[in-house]
Amino acid sequence: MVENILYILAAYVIGSVPFGFLAGKMRGIDLREHGSCNIGATNAVRVLGKAWGVPVFFCDFLKGLLPLLYMKNHLGCAVTEMSAADMGWLLGVMFALVLGHTYTCFLGFKGGKGVATTAGCMFAFSPVIGLAILATWIITMVLTRYVSLSSMVAGLVLIATAVWQFWLQDGVVSVADGMALGLLFLIFVLVVYKHRSNIVRLCNGTEPKAFAKKSK
């Protein structure tokens, strides 16, 4: 138990590593003062360019993927077969990773919007969910070119896919299944909350599109 608690705390610290902020500092730029003033990959691409922003995305993705994969392998069973206790430990690590990214202890508990790290967690937690949200994000992005909207729609599909995997597939919701559904819904709410300014801009028609040509 002590080992698992320490790993959850370590997961928060790992999730807190602000790769976007560090990349900006390497260029002499504080991302908190440019673009959307966010340290996430989207703003890193916008301010620093793809050569810096894309690696930031993958670093944020991997800090969700690798620690959760380690914990999952440590527990030694598929998520659909876990006991409530094992599921609790796994979900604790997942939430700590996402919370670390969105409220990093290294920057006054202000961080990114949690999308890349959540995606990494989902691929480790359930490849089915991971692939579903990736496909949804790409399709929505192609159709709308809104990164924020694509991320939130992918979040909705995350919940729908989780409901199918942990409930509708066999018609039974165990305690572990209920814990998984509850935590995934909480993460979805957190991601939407972090996008609240984007939602306002989407409603006002002022949200910038990706790949849009800059006005001269």
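Guide: Gladly. Let's start with a cut-off: a residue is called buried when its relative accessible area is under 20%, exposed when it is over 50%, and partly exposed in between. Keep in mind that this is a predicted model.

Visitor: Why is His 101 called buried?

Guide: Its relative accessibility is 5%, and buried means under 20%, so His 101 counts as buried. You will find His 101 in helix 5.

Visitor: What does the side chain of His 101 make a polar contact with?

Guide: The partner is the side chain of Lys 63, at 3.1 Å. A polar contact needs N or O atoms within 3.5 Å, so that pair qualifies. Beyond its sequence neighbours up to four places away, His 101 also touches residues including Gly 15, Ser 16, Asp 60, Gly 112 and Thr 117.

Visitor: Asp 60 is on that list. Is Asp 60 buried or exposed, and how do you know?

Guide: Buried: the relative accessible area of Asp 60 is 1%, and the limit is under 20%. Asp 60 sits in helix 4, and its side chain makes a polar contact with the side chain of Lys 63 at 3.4 Å. Leaving out residues up to four places away in sequence, Asp 60 touches Val 17, Phe 19, Ala 41, His 101, Ala 116 and Thr 117.

Visitor: What makes Cys 59 partly exposed and Cys 203 exposed?

Guide: Cys 59 has a relative accessible area of 30%, which falls between the 20% and 50% limits, so the label is partly exposed. Cys 203 has 66%, which is over 50%, so Cys 203 is exposed.

Visitor: Which residues have the most contacts inside the largest nonpolar core?

Guide: They are Leu 68, Met 87, Met 94, Phe 125, Ile 129, Phe 166 and Leu 184, in a core of 41 residues. At least two residues of this core come from each of helices 1, 4, 5, 6, 7, 8 and 9. Another core, of seven residues, lies apart from it, with Ile 29, Ala 41, Leu 48 and Val 56 among them.

Visitor: What does Met 87 touch?

Guide: Setting aside residues up to four places away in sequence, Met 87 touches Val 79, Met 82, Phe 125, Phe 166, Ala 176, Met 179 and Ala 180.

Visitor: Why is helix 9 called oblique to helix 10?

Guide: Helix 9 and helix 10 (residues 196-204) pack at about 60 degrees, with their axes 4 Å apart. Under 35 degrees would be roughly parallel and 65 to 115 roughly perpendicular, so this pair counts as oblique. Where they meet, Val 192, Tyr 193 and Lys 194 in helix 9 face Arg 196, Asn 198 and Ile 199 in helix 10.

Visitor: What about the backbone: what is phi of Phe 109, and what is phi of Arg 145?

Guide: Phi of Phe 109 is near 60 degrees, a positive value in a residue other than glycine. Phe 109 lies in the loop between helix 5 and helix 6. For Arg 145, phi is near 65 degrees, again positive in a residue other than glycine, and this residue is in the loop between helix 7 and helix 8.

Visitor: And why is Arg 145 called partly exposed?

Guide: Its relative accessibility is 34%, between the 20% and 50% limits, so Arg 145 counts as partly exposed.

Key:
Residues are numbered from 1 along each chain as its sequence is written. This is a predicted model: local features need pLDDT of at least 70, side-chain atom pairs count only at pLDDT 80 or more; totals for chains, interfaces and linings use all residues. Side-chain values use heavy atoms; hydrogens and water are left out. Buried means under 20% relative accessible area, exposed over 50%, partly exposed in between (1.4 Å probe, protein chains only). A nonpolar core is a set of buried Ala, Val, Leu, Ile, Met, Phe, Trp, Tyr and Cys residues joined through side-chain atoms within 4.5 Å. Contact means heavy atoms within 4.5 Å. A polar contact is a pair of N or O atoms within 3.5 Å; within protein, one must be able to donate a hydrogen and the other to accept it, and residues adjacent in sequence count only if both atoms are side-chain atoms. Axes are lines fitted to C-alpha atoms, for helices over the stretch in contact, and angles run from 0 to 180 degrees between N-to-C directions. Angles under 35 degrees count as roughly parallel, over 145 as roughly antiparallel, 65 to 115 as roughly perpendicular and the rest as oblique.
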